[in-house]
Amino acid sequence: MTPVDYLELALTFSTELVLLVTLGLVLFLDLRGWLGSTLAVRSQRGATLTAVGLVLAGGVLLTFPPVADAPAGSFVLTQTTLWVKLALLGLSLASVLLLAGSEITEHVGEFCALFLLATEGLLLMVGAENLLMLFVALELSSLSLYALTALNRRHPDASEAALKYFLIGSTAAAGTLFGLSLLYGLTGTLQFSLLTARIGSHIGDPLLWAGLALTLAGFAFKVAAVPFHTWAPDVYQVAPGPAAALVAAGSKLAGFLVLLRLLHAGLAPIPGTASGLPFQSGWMPAVALLAVASMAVGNLAALAQTRVRRLLAWSAIAQAGYALVGILGPTTDATLAVQYFAFTYGLAVVGLFGVLEALAAAGESDEISSLAGLWRRSPLLAVCFTTFVLSLAGIPPLAGFLGKFFLFVAALKRGQPLDHLWLVAVALGFSVVSLYYYLKLLKPVLVADPAPEVRPLPVPRLLALTLVVLAAAVLVLGIFPTLLLGSGTL
Amino acid sequence: MLAWTLYLSFGAAVASFASARCCPAVARWIALLGSVGGLVLGIVGALTLPAGGGLNTLVQVPWIPWLHAEYHLAADGISVVLVWLTGLAATAGVLFSWNLKHRAGEFFGWYLVLVGAVYGVFLSWDLLLLFVFYEIAIVPKYFLIAIWGSTRREYGAMKLALYSFAGSAAVLVGLVAAYALGGATSFNLSTLAAQPVAESVQHGLFALVFVGFAVLAGLWPFHTWAPTGHVAAPTAASMMLAGVIMKLGAYGCLRVAMTLFPAGLAPWAGVFGALAGIGILWGAVVALRQTDFKFVIGYSSVSHMGFVLLGLASATTLGLTGAVLQMFSHGVIAGLLFAVVGRMVYDRCHTRNLDELSGFALARVLPWIAVTFVIAALASMGLPGFSGFVAELKVLTGAWNRFPGWVAVAGLGLIAGVAYTLRAIQRVFFSGEPETAGTAPGHALEPVSLPEKLGTVLLVAATLVVGLYPRLLLDWILPALQTPLFAELRRRAGG
């Protein structure tokens, strides 16, 4: 064993360390210094400090990018993981700003600390090159998110949803752990790169397929793909806005990218086929199955929803299906597509939770009907809400359109040109279905007149700024996608 | 300069939305400036095109390098004709919405987004870009109808949005398939058309893309969104819908489906010719049975769009020329008809029921309206001297050798067209009792305003000029059909 070089270790994890220091600071300050202040002030300060920590972490990441680790290491930093980490910090930043001035929880310090811990877990997860590290990071983020879900004093059901989230999550995690151990047992390695090299010789071994299926379960849970989606509607409905935003945006981005890396790097030799006959088993048919199931269940269930947040949850399940279609593409295309899709999707979803927080703070229920007349009560919220929803619906020139388009084109690029056209057709068919419920969300916002007694809706300045920046980003990135992904060609 | 039509429209849309908070009263001026500007830019821009009716590239810069998608605007004669139509219809639409007060800033904002998107479709040469503009047009339609519409507006709006979106989903499947089969190296229309895919694949993809676009063109039996949508829409929106949006579909059929998959038409020509013929007769017969004035016009649009589709399905140069001419002609005439029904009649009488309208004796009280409608009706019936005559004649002669049976059916449709038009004229304008003129429901009718008169003159002049001197447009359309883009189609039609 080589002796550990602590300085190098600290440099490698400088980003994560910044977050940990912020975590300690915000916990300490909230418990010691801010006790006398009102809840609104405490959450304002907590959110600001957390935001500063996230920005600093991003700065550190850009200034001292750790040297790419040797293939034998536990963590790697490639151009892609650097990009994903920055994107994650950005989404977390936007999410935590929703906390500012909110009175959603009395445990401000704990909330911020758990929030940072969850972000930390996601960052580590993205960089993990070792199956065990991957699992530990996955659990770190998941456990923090379970706890965050419960920290909502507006909703008595929050703890129930958190428990549901936890139970399903830990079952899925157990599956993943078992799956990983099977893969380890077969190949004798935990490294992605070695796994790739050795797995090819085990095709036909039933243990390999069992390992693959069980491993997939954990990630399907993370990205809320059917049939591991049942936690999503409850969590979306009752989790505090910033936490729900992190679950829906950051956690998904990390989940998709890690899943992509696991499949494309670790399990590259066993893709199988997702294009009908001749059938060949591998991860592609499994992912295609998850994708179709998610698109079908998510879109159809969303049609019946009457609550905004539950509707968003079902639509998120459907969107996970689209992303899984993109994951089938060749590595570079799929990575590019999933990066763009997951990040811009995250921007829109964080923005939506921001609008919903503003409504909830004004005492509105989350029934769709309570959005009635938003255009008159707060034009700003109405414009932002419309932008985000239309982006989710995939209407150009908003980013959601190109996001989906990239995914579909990526899927078509693997194999023969029309191999995956059936999946794209299914996805587009369900997009038509989705337009119905997205328009159903927009109808009260823009069409209906407000009830006579309702007042204008005040929006805190910081929240307004966050929403405007997010909406502008969704528009600008939709028109100029090269801003996000560079202008190189493949 | 043509490209500025769309920048101006989107810019004006932003300005109009911005005016919603402070000064909604200026929104209509912004909209007028935007739409007249679009018309002027369209005309001047077209006249300064170096290649005239041939292919002119306006802008070509990389957009999404890793997909090889470009921001590529180009215009040929077909684009020019339709850009002019858009300018005319948009301007007239603003003039006929001059009295709109409810949320005016937002109304004209959405309206201008729609106009800009339409310009974008007509000028895009990159298929992804074309599709983007095609999709942008969907959402404004929904809100224009759902917020400012009338009869069953939310149903009509949703139906229209879902039909459009379903059609465009089918189109997108076909487009990405063509892109992938072409090696995923270009979305350029000319490039993709120059390397057609295997014929057997073309058959399937052609049907998918053609039907996807034709949904918006009112292809029977996918036309049912059109009457409900037109009727529910506010005047300016129904003018745009019937006048221009339906042409988007037909344009897509011609520009994309028929050029990308030229071999695909052959096995389907009979089917689409039949559907077009049925649509012509069906629309006319159903219009004959309507009691709502606006539904009469709504179904007549389905009938007239059938001529466009018949011309396209014939794939002869004569038929295609007629189809494009009919797009322009019907755009202007339908705009005029909807303006009469929606703005001139309904806004004053607050009913569209044919029998109730007869009580107003409009021909005596407000002869301007009656005269306008009679002119529009004559144009719509296809009387010589108006643009519809030239266009429909060309379509019928062009299609005669291909589908004589369906041309005969279309002829029956023309007769039914005369019947429902005369029926509407007679019921609405010339069956009231003279002594109850204008006083029957107990209120004086507002006189015809200047913007209405201007709009009327604009549209009537357009249909008359083209009817009397069709070469004005034919000189643009014919060179466009001679470009390499249509080479394969010409070859097949000739052989």
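Q: Among contacts in chain A between residues at least 6 apart in sequence, what percentage join residues at least 24 apart?
A: The share is 79%, where a contact means that two C-beta atoms, placed from the backbone, lie within 7 Å. Please note that this is a predicted model, in which local features need pLDDT of at least 70, side-chain atom pairs count only at pLDDT 80 or more, and totals for chains, interfaces and linings use all residues. Residues are numbered from 1 along each chain as its sequence is written, while chains are lettered from A and ligands numbered from 1 in the order in which they are written.

Q: And how many helices and strands does chain A have?
A: Chain A has 20 helices and zero strands; these are DSSP runs, numbered from the N terminus, with helices being H or I of at least four residues and strands E of at least two.

Q: How much of chain A is buried?
A: Of its 490 residues, 60% count as buried, that is, 20 or more other C-beta atoms lie within 10 Å of the residue's own, with C-beta atoms placed from the backbone.

Q: Turning to chain B, is Leu8(B) buried or exposed?
A: Leu8(B) counts as buried because it has 22 C-beta neighbours inside 10 Å. Leu8(B) belongs to helix α1 (residues 4-22) of chain B.

Q: Which residues does Leu8(B) touch, leaving aside neighbours within four places in sequence?
A: Its contacts are Gly34(B), Gly37(B), Gly38(B) and Leu41(B).

Note on methods:
Buried ≥ 20, exposed ≤ 12 C-beta atoms within 10 Å, placed from the backbone.
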